[in-house]
Amino acid sequence: MSNLTAHPHAVTPLSFVPVTRHPQQTLRRGRRMSLLPGWQMSGNLHTLGYFSAPVCLGSPSRQFDLIVDTGSALTALPCEGCPHCGSHKHGSVSGARFSEKASSTSEPVVCSRPPRGMSTCRSCDGGKCAYSVSYTEGSSIRGHLVYDSFWFGTELGNRAVRASFGCQTYESGLFYSQVADGITGMSQGQGYGPCLFDYLRDQTRAPNVFSICLSEEVGALVLGGTVPPDLKAEWVPYSGSSSYVVDLVDIRVSGASIGEPSSVYRSTIIDSGTTFMYLPPGPYRKVRDQWRNHCPWGACSSRVAKGEYPDDYCYTMSTDELRRFAPHSLHFANGVRVNFDSRQYAYELRRGVWCLGVFDNEHNGAVIGAANMRNYEVIFDRDRHRVAFYPSDCGGMHALRHSSVLQGGYSLNGCSRKTPPRAGPPPPPSPPPPPP
């Protein structure tokens, strides 16, 4: 365990949650949260899964369970009285709704004063600033924006941060049927004002850094921690004004390139709200054929198992046999390599049945999803526009047996703290970026 650690109160536990669908729903495989033109997280990497975190909101405070998504920026959850919102039956409370009347610190965002970053409200609902968002997977949400206090945990006690968020009056698709109450976006976009992390950073002067660490079923999130100056990490630059766009140039299998031009990977994004990896058609076929034709037991056809979709490629095998599949690696334009073994490109559909977790994006560009982030603490250094995949025991981070590489920081779930709020100094700032 490193001694360069975020304090336990700076860790939000994450959980993996499988998505349930109504009998009438026809869904694409794998959750895809990208927008169309506490420290622990929980979740599930089975088909249509996602990772979620407990978030503390309002006065008096109340806990909600929100998907953590690096591919979008809006934080949103159901409003009391919503005529078309799901029951969201997660572990803590079923059918949770945010009540503007019950929270003494709640205030609607009026059209005449939209949040910073929004030049104007796109529509108005009784004078309130309204929103409507559709996602790649086909689901949508709409409602109006509200200001209220979010409670973050630190080693010194809870810290209230005033932020805008979406109060939903309509949900469709997976947003209606999902277990989690809503979503909290961590991208750089400001289409509906700053993201929740930006509000935290602005009001606490915390470093513009966060990290996500995922295992198969749990994970950890640290907000506003400091990157130690002596951290030996390999950094990949990212671009983009909203998504985290990295310059992927090659995929290698057992050290050999799959032989696709680097141009097809252009505009690759890192998106924790997307379950699996999506590749352009050419690279996808190469990775798929490797999985279909090179099995450690010999003839792949002798172990074929039924999946959930016609193009699922699954086998019956043990975890020891899975580990014997060829290692893959992702290669970036600045020379950094990220190892990508079978536990990151396959997933267990049911006990003893493992399937390929890489799918056809149907066009150029790729998505590095939550499954591919497993067993790395993925550090987003937004001051220096860079990201690092740092090998880690993410299950141990969730259980507080293993430390984050970040120093200091905040957790999303201030509801878990028993101590009264008190003011304290923010964590130390990250070192300044080098001169150009």
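**Disulfides and burial in the predicted chain**

C85 is buried (under 20% relative accessible area, with exposed over 50% and partly exposed in between, 1.4 Å probe, protein chains only), its own relative accessible area being 9%. This is a predicted model, in which local features need pLDDT of at least 70 and side-chain atom pairs count only at pLDDT 80 or more, while totals for chains, interfaces and linings use all residues. Residues are numbered from 1 along each chain as its sequence is written, and side-chain values use heavy atoms, with hydrogens and water left out.

The partner of C85 is C82, with S to S at 2.0 Å in the disulfide (a pair of cysteine sulfur atoms within 2.5 Å). C82 is buried as well, at 12% relative accessibility, and the link turns out right-handed, with 80 degrees about the S-S bond.

Searching the whole structure turns up eight disulfides. One of them pairs C56 with C415, sulfur atoms 1.9 Å apart. This pair links distant parts of the chain, 359 residues apart: C56 sits in strand 3 (residues 49–57) and C415 in the segment after helix 6 (394–398). Helices (H or I, at least four residues) and strands (E, at least two) are DSSP runs, numbered from the N terminus. C56 is buried at 1% relative accessibility, whereas C415, at 26%, is partly exposed.

Another disulfide holds C314 and C355, with 2.1 Å between the sulfur atoms. C314 belongs to strand 21 (residues 314–316) and C355 to strand 25 (residues 353–356), so the bond ties together parts 41 residues apart in sequence. Both ends are buried, C314 at 2% relative accessibility and C355 at 0%.
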